[in-house]
Amino acid sequence: MKSMRRSLVVAAVCAAGLMWAARAATFDQADVEARFEALRTYTYGDDRVVLQAVNELVNQSTQAPDARLPLEERLAGLLAGEATPDAKAFACEMLARIGTARSVPVLAGLLTDPALSPMARIALEYIPEPEAEDALINALGSLEGELLIGVVSSLGNRGPVAAVEPLGALLDGGHRTRNNAIVAALGQIGGREAYSLLAGTLPASVDVHMRDSAMLRCAEAFADAGDITQAARVFGYLFDAGSTPSIRAAGYMGLARTLPDRAPELTAAALDSGIPALRGAALRWLRTSPPNPEFTHAIAEWLPQADAEHQALLLHALADRGDPIARPGAVRAVSSDAHTVRTAALEALGTLGNADDVPLLIRAVQSGCEDHRSAAQRALTRLQADGVDQAITAAVAESESGAAAILIEVLVARNARQNQDALLEWARSHSDSAVAGAAAKAFGSLAEPERLAELIDVCIEAQNETHTQNAAAGVWEMVRRAPDPEKAVAMLARASESAPEQARARLEEVKERAQKELVMLRTAPMTIDHPNLPKGYLMAAYVNCGRQRDSGDHSEGHIALVTGESYTFAGIQGPLADVAFDAEAVQYEITGLEPGAEYLLGFTWWDADNGGRVQSVRFGTGDPVEWSVVLPSTPAAAFYIDKPTWAHVLLPITPEFRAEGRLTVAFTREAGPNAVVNELWLLKNADAAPRKRVLIVTGDDFPGHRWRETAPELARILREDPRLEVSVTEAPAIYGSPLMAHYDATVLHFKNYADRLPLGAEIGEELKRFAEAGLGMVVAHFGSGAFQEWDGFERLAGRIWNPELPGHDPYGTFTVRIEDSAHPVTRGMTDFTVVDELYTCLDGQTEIHVLCAATSVVDQKDYPMAFVVPGFPRVFHTPLGHGVESLQSEGMRALYRRASAWAAGLDPDRP
C-alpha cells in the first residue's frame, strides 16, 4: 500500500512540475486533493515523499500569489478536520511560511493542545498580521504550565509592545520558571515599557542573571534604535553592578560601543578589575572594535603603566588590531626588562612593524633567548614590507649557524621563491654544514620541481650525514610537487646507482617513499568509503584543488575551476598541501546536475599556515548569478587536540540549487590574506530507498575528547539502523545554514571555543528554530558545553555545562539506570554498564524529563545520564560518550541509535 501511495504522489509531483513549467496561476485541484489526502494519514516513519509533495506546492505558491490563498485554506482545513497529529504538525509548519490572518483562528484553537501547541504557536510567530500576535496575547489568560511558557516564549520571539502589560500582569512570586520566561520575553521585546518593568521590583523568584540578561537585550535594542543616552545608562549599570562577570563584560562592551570617546578609560578599568571575563572583554574589544586612531594611540600610551602580564596581553591584542599607530609602543616594549613583555613586543612587530624593524628582529633571532628567537621568527614570517626578504638573505651570511638556519626557515615560510638561487649556492658551498643542509631543504620547498637534478647533485656531494639528510628532505619536497612523479622517481633511481653509499641510502629512501605515495598523489584522499560520507552515494566528481583545474570526464557530473590559482603549503605532505586560492573568492562551476537527483557537495579546507582565514560558502544560480550564503562566515579549519587542522564539510545541494542543472560555488574570503580550498567532491545518491537524514556536526572539542575517533564511531552506530542516512560535517557553523532544512535530525558532537570556532547567538537561534520546527537534535557528551556565548542554549539543551561545578567522577565503570522504560527512546532497554565519565557538572532550570540516571561514587547523588526536553518536540541529551571505549557498550550503542531514530521522527522499535 505504501509503495502504491508513493507512486501516486511522485506522479502528482511530476505532473505539477510540468504544470508549473507553463507558469500556471492556479493549481490542478485533483492533484492538490491527492496530495492532501496522502498527507492526512501521515505519521512519523512513513515515506517522507508525502511531505515533499505538499512542501512542493507551498514552494510553488510563492511564485503564484493567486494560488496561495486556496492552498492556505486547505492547510487550515486539515487542521480543523480529521488528520493525524503528525500531519497537523506539518500543516502548521507550512502555515508558518504562507499563513495569513485567515489561518489565525484555527491555529489559536490548537494552543491548548499539548501535542500541537508548539507548532501552532511557531506558525503564529511567523504570520505577519497583527491578528496573530493578538491571538498569542489573548491565550495568556487561558493557559498554564508549559503551554503558557511556550506562548510567552513566542511573544518574546515576535516582540509586540502590546504584550508587555499582560506579561507583566502574570509575574507572580510563586512561579519561578514562568517568571523567568516572562523576564526573558520582556528582554526580547525591549523598549521603554519592558525596561521599566525589568528595572522595577520583580518577584524574588526571578533569577537575577535572567533579569540582567533581559536588561542587556533592552540596552542593545536602545542602541540599535539610536537612543544612545538610554542605552549607555543601562550598559553602565550592568558594567558596574551586573550579577555575573559575563554580564559585566557585556555591559563594558556595550558601553565602549555606544560611548567610543570613553573606550580607553573603560578599557583601562576593565583590565585593572582583576576579573578574567572583564579583562577578556577588554582585550576582545581592543582586537575587534572599529578603527579608531585616538583609541589605539591612547591604549598604546597607557601600555607602560600596566603590569607585565597586562602589557603582554595588550601587545598581543594591539597586534591583532593591526593598527600601525601602536608600532612605537611595541618598539619601546622590545627593550622591557620583563621577559614576557619583550617576547610579546617582538611578535607584535610582525603585524605592526615595517622594514625599519627588520634589523631589530634579526638581532633577536641571533640572540641567545629561545622565546625571543621564536617570537622574532614568527614576526619576520608575517611582516609585510618591501625589502624584508633581501634583508633576511643578507643576514644569513652574517649569522651564526643556529640563527642562520632559523632565518632560512623564515624565507621558506615567507615563500621567498626569488631567493632560490642564493639558497642553492649556500646548499652547495656554505662552510657550515648545518646551514648548508637547511638551505638544501629550503631549496627543495621553494624551487621549481624542474630543478630536481640540481638538488640531487647537492645530496650526492653533501659534506656529512646531516647535510645529506637535509638535502634528501629537500629532494622529497620537490618530488612530491613534481608534475610527473614517475619521471622524478626514474631520475632518483638513475642518480642512486652511481651515488656514494651515504647519499645512495637517502635517495633510495626518497624513491621508496615516492613509490608508496604516488597513488596518494594521483588519487583523492577523500574516498566514497570515508566514514563521514553517507552510504548509498557514489563519487560523481572530484577535484584536488591545487593540482587539478577540473574533474575530467565524468558521466555523473563535472567540476571546473572558474576563479583561483594553485599554491602548495610548505611543510605538509600529501594532497592537502595543495590549494586553490584567490584574493576574494575561489569559484567552481558544477554541471551535469539532474534536477530530480539528490546531491551532496563536499570539500576540505585548511588554513594550513595559520593565516587567520575566515571564509563563507555561497551557492550561485541564474544569469546573472544570484548568490545565497549556505555556510556562514567561519574559520577555514577544524581544531583537534587544541591544534588547527583540516575540516571536511558536507553541504546538500537542495532542489532550488540544482534545478538549472548547474551550480556555481564560491569560497569567499571574510578575513585573512585570501580564500583557500583543498579539495572538492560531488556525491550523488544512488539508493532510491527513503531514509531519514541525520547530520553529525563536529570540528572542535576539549583536548581529551578525540572527536576524529568518536564521530565516525557514532556514525557507525547510527548506521546500524538502516532507515537512517548518516553524514558527518566538521564545521559547526553549518547550524546557521538554510541547508539544515535538508536534515531530519542532527547530533551536536562538539564543544566550540570562542577564540577558535566562534558561534554567535544568531547561529544558536537558527538551531533553536530547527528544533522548534519538530526536527530532531541529539546533544552528545561535551556538546553540553557548546554555544557558551549564547544565553538561549540552556533552554534548548535542557542542561548545560557549568565549569564552576565539579566536572565528573573519575573515569571508570558505572551503571546507567533506566528511569523511564515507557519512553520511545528507552522502551524495552535495561540497566547497563559503561566505561565513561559520570557528569556532575550539568546545570540549568529548564524542565527536563529524565530517561536514564547514575549515582556518583563521589557524592552519592543521582545525576541525569539521558533526558529529553519537553519544550521541544524531539530534543534528546546525554552526557555519555567520552571515547570510543565508552561507545562500545551495547547499552550505549542502543541508546544513541534509538535516540537518533526518535529524533529523526522514527519509531525506535521498528528498525
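Modeller: Happy to! A crossing is left-handed if the near helix is turned anticlockwise from the far one by less than a right angle, and right-handed if clockwise. Please keep in mind that this is a predicted model.

Colleague: Are H15 and H16 roughly parallel or roughly antiparallel to each other?

Modeller: Their axes lie 9 Å apart, at an angle of about 165°. Angles over 145 degrees count as roughly antiparallel. H15 and H16 are therefore roughly antiparallel.

Colleague: How many charged residues does the contact of H15 with H16 have?

Modeller: On the H15 side are Tyr 252, Leu 255 and Ala 256, which meet Ala 263, Leu 266, Thr 267 and Ala 270 of H16. By class, these residues are 6 nonpolar, 1 polar and, for charged, none: no charged.

Colleague: How are H12 and H13 oriented to each other?

Modeller: The axes of helix H12 (residues 191-199) and helix H13 (residues 208-224) come within 10 Å and cross at roughly 155°. Their crossing is left-handed. With an angle over 145 degrees, H12 and H13 are therefore roughly antiparallel.

Colleague: And how many charged residues are in the contact of H12 with H13?

Modeller: H12 contributes Gly 191, Arg 192, Tyr 195 and Leu 198, while H13 brings Arg 211, Ala 214, Met 215, Cys 218 and Phe 222. Sorted by class, that contact has 6 nonpolar residues, 1 polar and, for charged, 2.

Notes:
Residues are numbered from 1 along each chain as its sequence is written. This is a predicted model: local features need pLDDT of at least 70, side-chain atom pairs count only at pLDDT 80 or more; totals for chains, interfaces and linings use all residues. Side-chain values use heavy atoms; hydrogens and water are left out. Axes are lines fitted to C-alpha atoms, for helices over the stretch in contact, and angles run from 0 to 180 degrees between N-to-C directions. Helices (H or I, at least four residues) and strands (E, at least two) are DSSP runs, numbered from the N terminus. Angles under 35 degrees count as roughly parallel, over 145 as roughly antiparallel, 65 to 115 as roughly perpendicular and the rest as oblique. Contact means heavy atoms within 4.5 Å. Ala, Val, Leu, Ile, Met, Phe, Trp, Tyr, Cys and Pro count as nonpolar, Asp, Glu, Lys and Arg as charged, and the others, Gly among them, as polar.
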